Amino acid sequence: MSWMIIGAFALANFTAASSGGIFKPGDWYESLTKPSWVPPNWAFPVVWAALFAMNTAAGVIVWDAMGDAAGSRNWMPFIIYGVSLAINAGWSAFFFGMKRMDLAFGDVVLLWLSLAAQIVVFAPISLLAAALTLPYLAWVTLAGALNIRMIQLNASPMKASG
């Protein structure tokens, strides 16, 4: 396995993760009513770091498993992979940047669907890569539930729009 390939997948995941560093929770988020089951603030960067590391590994494993048979690589798994990273990067911009929990929820639904598709296309190539994506899907499921609950708890126009 080439270090360049590993670096490319790591960079793609780091780029998606950077959205969370650009669009931070801040005072608006702190003022929102949150459900009792919201994870503590420190858990988010820890969990996301682990998920992006596993996603990096999943991408590298699939790349390696597919080989490079005379340049006839099937690009669909990597298109889905890249789309899911782009969708992921949008969530922080919608939720924290634009303070649009509704758009963020739409984004998280698209992210969930793209991760499900990623698992489906990875599984025939590598069950390990598909399994490495399952915690990501589980966390996004929790994020979607949390997102919709926060919309419900903060339905007043003043809180919802900041």
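Predicted model: local features only at pLDDT ≥ 70, side-chain atom pairs only at ≥ 80, totals over all residues.
1. Helix 1 and helix 4. Helix 1 spans residues 3-22 and helix 4 spans residues 76-97; their axes come within 6 Å, with a crossing angle of roughly 20°. Angles under 35 degrees count as roughly parallel, so helix 1 is roughly parallel to helix 4.

2. Residues at that contact. On the helix 1 side the contact is made by Phe9, Ala12, Asn13, Ala16, Ser19 and Gly20, and on the helix 4 side by Phe78, Tyr81, Leu85, Ala89, Ser92 and Ala93. Sorted by class, the contact of helix 1 with helix 4 holds 8 nonpolar and 4 polar residues, and no charged ones.

3. Helix 5 and helix 6. The axes of helix 5 (residues 101-122) and helix 6 (residues 127-153) come within 9 Å and cross at roughly 160°. Because angles over 145 degrees count as roughly antiparallel, helix 5 is described as roughly antiparallel to helix 6. The crossing of helix 5 past helix 6 is left-handed. By class, the contact between helix 5 and helix 6 has 20 nonpolar, 5 polar and 1 charged residues.

4. Aromatic pairs. Searching the whole structure gives 17 aromatic pairs. One of them joins phenylalanine 95 and phenylalanine 96, with ring centres 5.1 Å apart and 80° between the planes. Planes over 60 degrees apart count as edge-to-face, which means that the pair of phenylalanine 95 and phenylalanine 96 falls in that class.

5. Burial of that pair. Phenylalanine 95 has a relative accessibility of 1% and counts as buried. Phenylalanine 96 has a relative accessible area of 13% and is buried as well. Both assignments follow because buried means under 20% relative accessible area.

6. Aromatic cluster. Phe9, Trp63, Trp75, Phe78, Tyr81 and Phe122 belong to one aromatic cluster. Among these, Phe9 in helix 1 also takes part in the contact with helix 4, where Phe78 and Tyr81 are on the helix 4 side.

7. Glutamate 30. This residue lies in helix 2, which covers residues 26-31. Glutamate 30 counts as partly exposed, at 46% relative accessibility.

Technical notes:
Residues numbered from 1 in each chain as written. Heavy atoms only, no water. Axes fitted to C-alpha atoms, helices over the stretch in contact; angles between N-to-C directions. Helix = DSSP H or I, 4+ residues; strand = E, 2+ residues; numbered from the N terminus. Parallel < 35°, antiparallel > 145°, perpendicular 65-115°, else oblique. Contact = heavy atoms within 4.5 Å. Nonpolar A, V, L, I, M, F, W, Y, C, P; charged D, E, K, R; others polar. Left-handed = near helix turned anticlockwise from the far one by under 90°. Phe/Tyr/Trp six-rings, centres within 6.5 Å; stacked < 30°, edge-to-face > 60°. Buried < 20%, exposed > 50% of the residue type's maximum accessible area, 1.4 Å probe, protein only.
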